[in-house]
Amino acid sequence: MVTIEFLGPINKANLELEISSLKELKEILKQDESLKEWLELCAVCLNGVMVFDENVSLKAGDTIALLPPVCGG
């Protein structure tokens with residue numbers, strides 16, 4: 001199981017999914033209308049490290065955090 005955390009104003013409960021890549025996660029999350037706009041804006045962290053490759057492999061116990069952009073200084 002991989003844990004997905006939705007941070008900041010996304011306001012969604014954490015999910016646990018059996019997935020093997022970020023690409024697979026994106027396809028699942030796109031089915032939720034309330035997340036579609038966030039998927040284009042958020043940075044993605046895998047176990048606390050920013051990732052940019054949708055094809056990165058995931059393993060049981062990984063944590064993915066969706067980080068929305070923030071304003072301020």
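This is a predicted model: local features need pLDDT of at least 70, side-chain atom pairs count only at pLDDT 80 or more; totals for chains, interfaces and linings use all residues.
V2 has L17 as its bridge partner in β2. Three bridges join β1 to β2, and the two strands run antiparallel.

Five strands make up an open sheet with mixed pairing, and their order is β2-β1-β5-β3-β4. The edge positions belong to β2 and β4; each has a single partner strand, so one side of each has no neighbour in the sheet. Direction ignored, neighbouring strands of this sheet are turned by 30° against each other on average. In general, the strands of a sheet pair through backbone hydrogen bonds, and they may do so parallel or antiparallel.

Both kinds of pairing involve β5. Between β1 and β5 there are four bridges, and these strands run parallel. Here F6 stands opposite L66 in β5. Four bridges also join β3 to β5, but this pair runs antiparallel. In that pairing, A43 stands opposite L67 in β5.

The next element to consider is helix α1, which spans residues 22–29. Which of its residues are buried? They are L22, L25 and L29. Around the helix axis they cover an arc of only 55°, which puts them on the same side of α1. The cover over these buried residues includes strands β1 (2–6), β2 (15–17), β3 (43–46), β4 (49–51) and β5 (63–67), and also helix α2 (36–41).

Some of the residues met so far return in the nonpolar core. The largest nonpolar core has 19 residues, and those that touch the most other members are I4, I19, L25, I64 and L66. At least two residues of this core come from each of β1, α1, α2, β3 and β5. L66 shows what such contacts look like. Residues up to four places away in sequence are not counted here; beyond them, L66 touches E5, F6, L7, I10, L29, L39, C42, A43 and V44.

The loops come next, beginning with the one between β4 and β5, where D62 is found. Is D62 buried or exposed? D62 counts as buried because its relative accessibility is 3%, and the cut-off for buried is under 20%. Leaving aside neighbours within four places in sequence, D62 is in contact with M1, V2, T3, L46, N47 and S57. V2, the residue bridged to L17, is therefore also one of the contacts of D62. With N47 there is a polar contact between the two side chains, at 2.9 Å.

N47 itself is found in the loop between β3 and β4. Its relative accessible area is 42%, so N47 is partly exposed. N47 also has a positive phi of about 50°, although it is not a glycine. As a general rule, most residues other than glycine have a negative phi. N11 is another residue with a positive phi, near 60°, and it is not a glycine either. N11 is placed in the loop between β1 and β2. At 71% relative accessibility, N11 counts as exposed.

The loop between β4 and β5 also holds D53. D53 counts as partly exposed, with a relative accessibility of 45%. A polar atom of the D53 side chain lies 2.9 Å from the backbone nitrogen of N55. D53 and E24 are 29 residues apart along the chain, and their C-alpha atoms are separated by 12 Å.

S21 is buried, with a relative accessible area of 14%. Which residues does S21 touch, not counting those up to four places away in sequence? They are E54, V56 and L58.

Notes:
Residues are numbered from 1 along each chain as its sequence is written. Side-chain values use heavy atoms; hydrogens and water are left out. Buried means under 20% relative accessible area, exposed over 50%, partly exposed in between (1.4 Å probe, protein chains only). The arc is that of the directions from the helix axis to the C-beta atoms. Contact means heavy atoms within 4.5 Å. A polar contact is a pair of N or O atoms within 3.5 Å; within protein, one must be able to donate a hydrogen and the other to accept it, and residues adjacent in sequence count only if both atoms are side-chain atoms. A nonpolar core is a set of buried Ala, Val, Leu, Ile, Met, Phe, Trp, Tyr and Cys residues joined through side-chain atoms within 4.5 Å. Two strands pair if DSSP finds at least two bridges between them. Axes are lines fitted to C-alpha atoms, for helices over the stretch in contact, and angles run from 0 to 180 degrees between N-to-C directions.
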